[in-house]
Amino acid sequence: MFDIIKKIVKYPRLTNNYPDKALDSSLFIGSPEIDTDKCKLCGECVRRCPSGAIKINTVSNSITIDYAQCVFCVLCEEVCRSGAAKMTNKFELATKNKVILQKSPWVIDENNIPYESQALDDLLQSKIKKTLGRSLHIREVDAGSCNGCDYEINGLNNPFNDLERLGISFVASPRHADMLLVTGTATRNMQLALLKTYAATPDPKLVVAVGACACSGGIFRDSYATNNGIDSLVPVDVYIPGCPPRPQAILYGILKALDKV
Amino acid sequence: MSMLELKSVLAKKFAECISNYTLKNSNELYIEVDSPVTYNICSYIYQELGYPLISMFAADEKQLINSYAVYYVFADRQEGLLLIVKTMVKANKMEITSLSKIIPAADLYEREIKDLFGINPLGHPNPKRLVFHSNWPDGKYPLRKEFNLKQKLDFVQEKISFQKVEGKGVYEIPVGPVHAGIIEPGHFRFSVAGEPIINLEAQLFYVNKGLEKLCEGQSIEKCFYIAERISGDETFANSLAYCQAIEKIAGITVPQRAQYTRVIFTELERLTSHLGDLGGICLDTGYGFATFQFRMMRGWAYNLADELCGMRFLRSVNKPGGIRKDFMVGKKSILLKYLQKIKKELEDTVDIIKSHSMFIDRVENTGILKPKIAADLNAVGPGGRASGQCNDVRKSFPYAVYDKLEFEIPKHYNGDVNCRMNTKIEECFTSISLMIQAIENMPEGKILEPVTRVEPYRFAFGMTEAPRGENIHWIMTGEHNSIYRYKIRTPSFCNWPALCHAVKGNIVPDFPLINKSFNLSYAGNDL
């Protein structure tokens with residue numbers, strides 16, 4: 001018992017203050033970006049990108065990275081001969097609209113993107129926030145990930161992140177949940193389970209897609225056993241890119257769904 | 001037995017049945033056998049020579065030899081040899097004789113081959129579907145070359161039957177695929193009478209992504225990134241196995257500095273994984289203090305990974321031919337600092353949990369995996385080593401520079417949760433020691449010998465010791481630097497049946513604890 005008390009005294013508080021205090025991200029490898037001034041549109045990165053996330057538009061002569069598909073593998077930086085593709089340390093990439101992710105890095109203005117039923121969506125959002133108040137209960141569903149995202153979600157419970165300080169907690173059943181945190185491509189064998197879990201979650205509910213697989217199918221796109229992202233099955237409120245996204249990136253996405261960041 | 005002796009023994013015994021001997025990559029002996037005698041030769045190798053079956057797979061080689069081929073992989077772990085029996089299966093006679101009755105480990109492989117290729121194992125005791133669930137239509141076999149990767153088949157409605165246990169008071173508890181914790185999906189069907197579990201049937205493959213098919217025809221560069229994503233927390237072990245196979249095929253010698261760096265990352269991954277497992281065991285016994293101690297240490301291990309390469313899961317560190325970047329330049333002091341800190345804290349925490357009688361009471365004699373069952377099912381990794389199966393790829397098939405470093409393999413014989421926990425604790429200390437040895441002895445020099453092209457239709461094995469155990473990849477290259485067939489056998493595939501045996505006779509509330517003590521990967525099993 002004495003040893004335990006000693007340890008508690010030794011490590012009184014490890015939890016970081018994210019998102020109130022920004023995280024030192026100098027070491028992180030985050031999203032890639034392409035410098036349009038330097039890019040010669042040679043297409044090398046487009047050919048070699050393992051998840052097919054980089055696309056050249058031959059009409060407008062522009063190049064884009066689809067963050068929903070990107071697996072953050074650093075290969076574009078490596079193969080770029082003109083030094084245009086560079087990895088940044090940005091990790092807070094969650095957005096509510098997939099189009100923003102697809103048009104990165106050029107279209108960043110979230111408010112100017114028209115999408116269907118924006119007004120209805122806003123109404124629903126404000127209702128959800130009112131209903132949920134300050135506490136949020138989350139059910140995690142692995143619909144076919146490589147388990148990387150799941151370990152990072154687990155990481156939200158560790159002493160460094162301690163999700164419960166924000167009034168957010170994980171629950172054991174979808175029937176107790178306000179939000180589904182879905183990882184993976186929604187495989188053929190998990191399809192029914194995902195739909196049933198969604199149906200079992202009481203309204204109003206939020207769905208957050210975690211990781212490249214859940215956003216778009218990622219590197220496992222277009223297989224006989226997978227879907228290209230969970231939004232082909234259930235409506236998604238927030239997309240969190242990354243392969244896997246860091247615990248803080250997931251936290252950022254969860255808070256984004258609640259409009260707290 | 002050396003390779004030559006083995007060859008002469010086989011030649012003497014089965015002279016007329018073996019049509020071809022091929023020695024590849026210094027330790028892989030391939031023998032080609034006519035299908036009627038495969039059963040006899042395999043049972044001879046297993047029973048008389050005592051080589052375990054460590055992998056078994058099929059390949060669609062219609063373009064090459066006008067038939068399908070089935071490979072049975074046996075290992076001599078003392079000598080570090082692989083003996084591969086290859087048999088042809090003609091398209092008009094899609095069947096093999098089942099070996100499951102004499103080699104229990106063959107059971108799942110044969111069912112897998114049946115689902116993916118449609119090769120029927122005659123005489124199989126339980127030829128139930130494995131990879132596909134009831135929604136899959138009959139007569140569709142994705143790993144045949146004519147199957148189109150992108151086609152989406154219709155869902156059919158059939159019922160899956162589970163093993164039925166009958167008797168007074170026997171009832172079933174279905175659990176999953178969506179679980180209460182933050183874990184991967186799988187369905188468990190317990191047959192229970194009162195509290196003790198009589199039988200457990202695990203239905204897995206919920207996260208099957210068709211990964212092996214996805215790799216076929218793709219460039220070796222792209223497949224490397226898929227290999228990294230086989231199982232998230234075993235990223236480095238899987239990418240290293242992939243790289244080793246490609247390097248063997250390309251005939252490349254990896255520079256020494258890269259080899260030492262690979263040891264550091266392999267061991268860092270093992271340390272991270274084991275610390276998480278130990279935390280999980282404590283969590284499932286309701287021991288909050290210890291859980292958070294281990295989670296804190298795991299957090300430090302992740303911070304160390306960030307310091308070294310900027311990727312918590314060690315992705316994009318490896319590269320066929322070496323490593324991507326010289327990650328260890330100027331990192332020695334920070335690595336040693338972190339390792340000392342983790343080691344000190346681990347020692348303290350282990351002292352505390354081991355002096356806690358209620359905790360020990362809970363883990364001791366819980367979930368015993370008997371050594372005989374472990375051997376029959378080829379249980380690998382900490383799960384096997386806790387049951388007297390002292391196999392470790394780092395010793396039996398040394399890769400990177402493990403033959404130059406000093407370390408011991410833990411040995412335990414009781415096979416309970418306590419033994420698996422102790423195995424993992426000891427391995428954490430071993431990993432720390434190996435990392436220190438590697439950074440101290442690391443030479444200067446090149447870090448990458450790039451793989452520019454590979455010859456078509458060459459094949460090789462890549463073997464690593466992942467945190468969960470023996471990890472075997474087999475690659476056959478295709479034309480234009482592509483992959484023709486990629487077979488992945490992760491340790492989880494071997495250990496799932498072992499886990500189902502270990503829970504028998506235990507009470508249902510102990511299942512999470514036993515499950516955590518193995519901590520198997522669903523993604524690595526389902527592919």
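## A walk through chains A and B

Start by selecting chain A: of its contacts with a separation of 6 or more, 77% are between residues 24 or more positions apart. Two residues count as in contact if their C-beta atoms, placed from the backbone, lie within 7 Å. This is a predicted model, where local features need pLDDT of at least 70, side-chain atom pairs count only at pLDDT 80 or more, and totals for chains, interfaces and linings use all residues. Residues are numbered from 1 along each chain as its sequence is written, while chains are lettered from A and ligands numbered from 1 in the order in which they are written.

Switch to cartoon and chain A shows nine helices and nine strands (DSSP runs, numbered from the N terminus: H or I of at least four residues for helices, E of at least two for strands). Of the 261 residues in chain A, 49% are buried, meaning 20 or more other C-beta atoms lie within 10 Å of the residue's own, with C-beta atoms placed from the backbone.

Next, bring up where the chains meet: 47 residues of chain A and 50 residues of chain B. On the chain A side, pick α1 (2-10), β5 (136-142), α6 (148-155) and α7 (191-200), which each give two or more residues. The largest share, five residues, comes from α6(A).

Now over to chain B, with domain 1 (3-122), domain 2 (170-203) and domain 3 (219-445 + 458-519); such bounds come from an automatic or database domain assignment. Select domains 1 and 3 of chain B: 15 residues of domain 1 are in contact with 18 residues of domain 3. Finish on strand β3 (residues 53-61) of chain B, which gives the largest share of the domain 1 side, five residues.

Note on methods. Buried ≥ 20, exposed ≤ 12 C-beta atoms within 10 Å, placed from the backbone.
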